[in-house]
Amino acid sequence: MKRIAGIVAVVVGLAAVPALADPVEGIWKTEVDDGAYAYVTFAPCGDLFCGTMSRSFNADGEYKSANLGKNLVWDMAPKGSGKYGDGKIWQPSTDKTYRSKMELEGDVLNVSGCVGPICKKQVWNRVP
């Protein structure tokens with residue numbers, strides 16, 4: 001009887017442990033593009049990840065971009081070992097959408113997007 005109670009306690013304890021967040025979840029600072037940069041908040045969207053513009057900044061400081069709340073990154077699939085792919089990224093300054101992939105290295109997120117053979121890359125940093 002004690003053994004069954006112990007097993008039940010372990011199972012209940014495991015069920016109470018919250019799922020670990022994916023390392024890409026959180027807030028990332030983009031590089032400056034067309035005089036402005038953004039904070040992008042990554043969170044799950046189904047089994048994939050999406051990044052939404054949560055704050056925007058220019059040379060004068062924080063401002064209210066018309067793109068706040070819009071997805072800049074979507075459908076990003078975790079590939080393991082800090083790699084993500086098969087996603088899309090939107091560049092507001094050009095209104096272009098690119099095929100995208102990302103690679104996470106600590107607090108640095110290497111982001112790239114391509115249209116045909118033309119690719120652009122940025123390095124984003126985690127916001128503490």
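**Disulfides, aromatic pairs and pockets in a predicted model**

A disulfide joins Cys 45 to Cys 50, with an S to S distance of 2.0 Å, a disulfide being a pair of cysteine sulfur atoms within 2.5 Å. The structure is a predicted model, in which local features need pLDDT of at least 70 and side-chain atom pairs count only at pLDDT 80 or more, whereas totals for chains, interfaces and linings use all residues. Residues are numbered from 1 along each chain as its sequence is written, and side-chain values use heavy atoms, with hydrogens and water left out.

The torsion about the S-S bond of Cys 45 and Cys 50 is about 80°, so this disulfide is right-handed. Cys 45 is partly exposed, at a relative accessible area of 26%, while Cys 50 is buried, at 11%; here buried means under 20% relative accessible area, exposed over 50%, and partly exposed in between, with a 1.4 Å probe and protein chains only. By the distance rule the count comes to two disulfides, and the other is formed by Cys 114 and Cys 119, whose sulfur atoms are 2.0 Å apart. The torsion about the S-S bond of Cys 114 and Cys 119 is about 105°, so that disulfide is right-handed. Cys 114 counts as buried at 15% relative accessibility, and Cys 119 as partly exposed at 44%. With the bonded cysteines of the protein numbered in sequence order, the pairing is 1-2, 3-4.

Four aromatic pairs are present in the structure, where rings of Phe, Tyr and Trp (its six-membered ring) pair if their centres lie within 6.5 Å, and planes under 30 degrees apart count as stacked, over 60 as edge-to-face and the rest as tilted. One of these pairs, Tyr 39 with Phe 57, is tilted, at 4.8 Å centre to centre and 50° between the planes. This pair links distant parts of the chain, with Tyr 39 in strand S2 and Phe 57 in strand S3, 18 residues apart; helices (H or I, at least four residues) and strands (E, at least two) are DSSP runs, numbered from the N terminus. Tyr 39 is buried, with a relative accessible area of 16%, and Phe 57 counts as buried at 9% relative accessibility. The rings of Phe 49 and Tyr 84 have their centres 6.1 Å apart and their planes at 90°, so this pair is edge-to-face. Phe 49 lies in strand S3 and Tyr 84 in strand S6, so the pair ties together parts that are 35 residues apart in sequence. Tyr 37, Tyr 39 and Phe 57 form one aromatic cluster.

The largest pocket holds about 510 Å³ of space. On a 1 Å grid over the protein atoms alone, a pocket is an open set of points with protein on both sides within 12 Å along at least five of seven lines, and lining residues have an atom within 4 Å of a point. Its lining comprises 26 residues, of which Asp 33, Gln 91, Pro 92, Ser 93 and Gln 122 lie nearest the centre. The largest share of this lining, four residues, comes from S9. The second largest pocket has a volume of about 170 Å³, and its lining includes Lys 83, Tyr 84, Gln 122 and Val 123. Two or more residues of that lining are given by each of S6, strand S7 (96–105), S8 and S9.

Definitions and conventions:
1 Å grid on protein atoms, 1.4 Å probe; cavity = no way out; pocket = protein on both sides within 12 Å on 5 of 7 lines; lining within 4 Å. Points joined across faces, edges and corners; volume = space filled by probe spheres on them.
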